[in-house]
Structure formats: C-alpha cells, structure tokens
Amino acid sequence: MKNEDSNSVNANGELNELMDKLSNYPDLAKRLLDAYTEYGENLQHIVDRANKQKEESGREELSPEESEELAKLDDEAKLSFYTKEKEILVEAVLRQQEEHDSKGEQLKNLKTEYRRIKMFEDREKVGHKVYPNDPCPCGSGKKYKKCCAKKELEI
C-alpha cells in the first residue's frame with residue numbers, strides 16, 4: 001500500500017510540474033488533465049475488473065491468465081496516456097518555438113529601425129549632406145564610405 005501512495009504522490013508531482021510548464025497554454029493544460037482523468041478511469045476499470053474476477057472465482061488471487069490480461073490492459077492504458085502526453089508536450093514546445101521566433105523577428109525589426117533612425121539623427125547633427133569621403137558623423141574617425149554608408153546598404 002505504501003508503494004501505491006508514493007507512486008500517487010510521484011504522479012501528482014509530475015502532473016503539477018507538467019501543468020506549470022503548460023500554464024501559458026490553458027487549452028493544452030485542459031487536454032493533459034482530460035488525458036490524466038481518462039487514464040485514471042481506465043485504471044479504475046482495470047481494478048474493478050480484477051475485483052469482479054476474484055468475486056466470480058471465489059479466490060483471493062487472480063489466475064496467471066487473468067493477471068496477464070489485466071497487465072496488458074494496464075500497459076495499453078499507460079501507452080495511450082503517454083502518447084497523448086507526448087503529443088501535448090510536443091505541441092507546447094512548437095508553440096514556444098514559434099513565439100521565440102516571432103520575438104526574434106520583432107527584435108531584429110526594432111534593431112533595424114533603431115539603426116535607421118540613428119543614421120538620420122547623425123546626418124542632422126552634421127547639418128548637411130554627408131559625402132563618401134567626409135568623416136563619418138557617428139564619430140568613429142573613419143570615412144563615411146567605410147563606416148555608416150556600408151551599414152545603410154545592409155539595411
């Protein structure tokens with residue numbers, strides 16, 4: 001009995017950990033809870049079936065064939081749950097990757113916009129058109145054509 005209690009605590013701990021990971025995705029968290037509930041119902045069905053078989057046979061123990069059959073049902077229930085759990089976690093990872101990529105693209109756009117604005121500010125400081133052989137308005141000490149003109153072309 002103690003082993004079952006520790007397994008239950010471990011399973012609940014794992015479920016809580018997964019739910020924390022899915023906190024940004026309530027739809028995935030609900031799907032995981034539904035899968036967990038279904039798995040619990042399947043286990044309860046297996047226990048009920050074992051108890052019913054014991055009652056019908058009048059024995060304390062199940063026959064090896066009955067035990068094997070119930071073990072197969074247990075394995076199928078676990079496989080079904082772990083397959084659903086894996087699908088949910090893969091979807092969460094894909095969503096996180098999409099969000100990360102989107103934020104990276106936004107950051108890149110902001111950096112480009114900042115550089116463009118900075119170059120216009122630098123030109124305004126000089127107060128006239130900057131020619132290729134003029135010193136660069138950014139203050140690097142290089143000629144404009146070797147410094148910020150190249151950066152403008154990259155943008």
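Cysteine 136 is buried, because its relative accessible area is 7% and buried means under 20% (exposed is over 50%, and partly exposed lies in between, with a 1.4 Å probe and protein chains only). This cysteine lies in the loop between H3 and H4. Leaving aside neighbours within four places in sequence, cysteine 136 is in contact with Lys142, Lys143, Tyr144, Cys147 and Cys148, where contact means heavy atoms within 4.5 Å. Lysine 146 is ten residues from cysteine 136 in sequence, and their C-alpha atoms are 8.4 Å apart in space.

A word on what you are looking at: this is a predicted model, in which local features need pLDDT of at least 70 and side-chain atom pairs count only at pLDDT 80 or more, while totals for chains, interfaces and linings use all residues. Residues are numbered from 1 along each chain as its sequence is written, and side-chain values use heavy atoms, with hydrogens and water left out.

Now step back to the whole chain. It has four helices and zero strands, and from the N terminus on the order is α-α-α-α. Helices (H or I, at least four residues) and strands (E, at least two) are DSSP runs, numbered from the N terminus. Of the 155 residues, 20% count as buried. Among contacts with a separation of 6 or more, 44% are between residues 24 or more positions apart. The accessible surface comes to about 11900 Å², and 52% of it belongs to carbon and sulfur atoms; such areas come from the Shrake-Rupley method with a 1.4 Å probe, and for residues only the protein chains shown count as cover.

Let us visit helix H2, residues 26-57, where glutamine 53 has its place. Glutamine 53 counts as buried because its relative accessibility is 13%. Beyond its neighbours within four places in sequence, glutamine 53 is in contact with Leu62, Glu66, Glu69 and Leu70.

Finally, look at charge on the surface. Lys111, Arg115, Lys142, Lys143, Lys145, Lys146, Lys150 and Lys151 gather in a positive patch. Helix H3 (64-126) and helix H4 (148-154) are the elements that give two or more residues to this patch. Lysine 111 is found in helix H3 and is partly exposed, because its relative accessible area is 46%.

A negative surface patch is formed by Glu98, Glu99, Asp101 and Glu105. Glutamate 105 also has its place in helix H3, and it counts as partly exposed because its relative accessibility is 42%. Patches are made of residues with over 30% relative accessible area and no salt bridge, with like charges joined within 9 Å and nonpolar side chains (Val, Leu, Ile, Met, Phe, Trp, Tyr) within 5 Å. A salt bridge is a side-chain nitrogen of Lys or Arg within 4 Å of a carboxyl oxygen of Asp or Glu.

Notes: Lys and Arg count as positive and Asp and Glu as negative; His and the chain ends are not counted. The place of a charge is taken as NZ of Lys, CZ of Arg, CG of Asp or CD of Glu.
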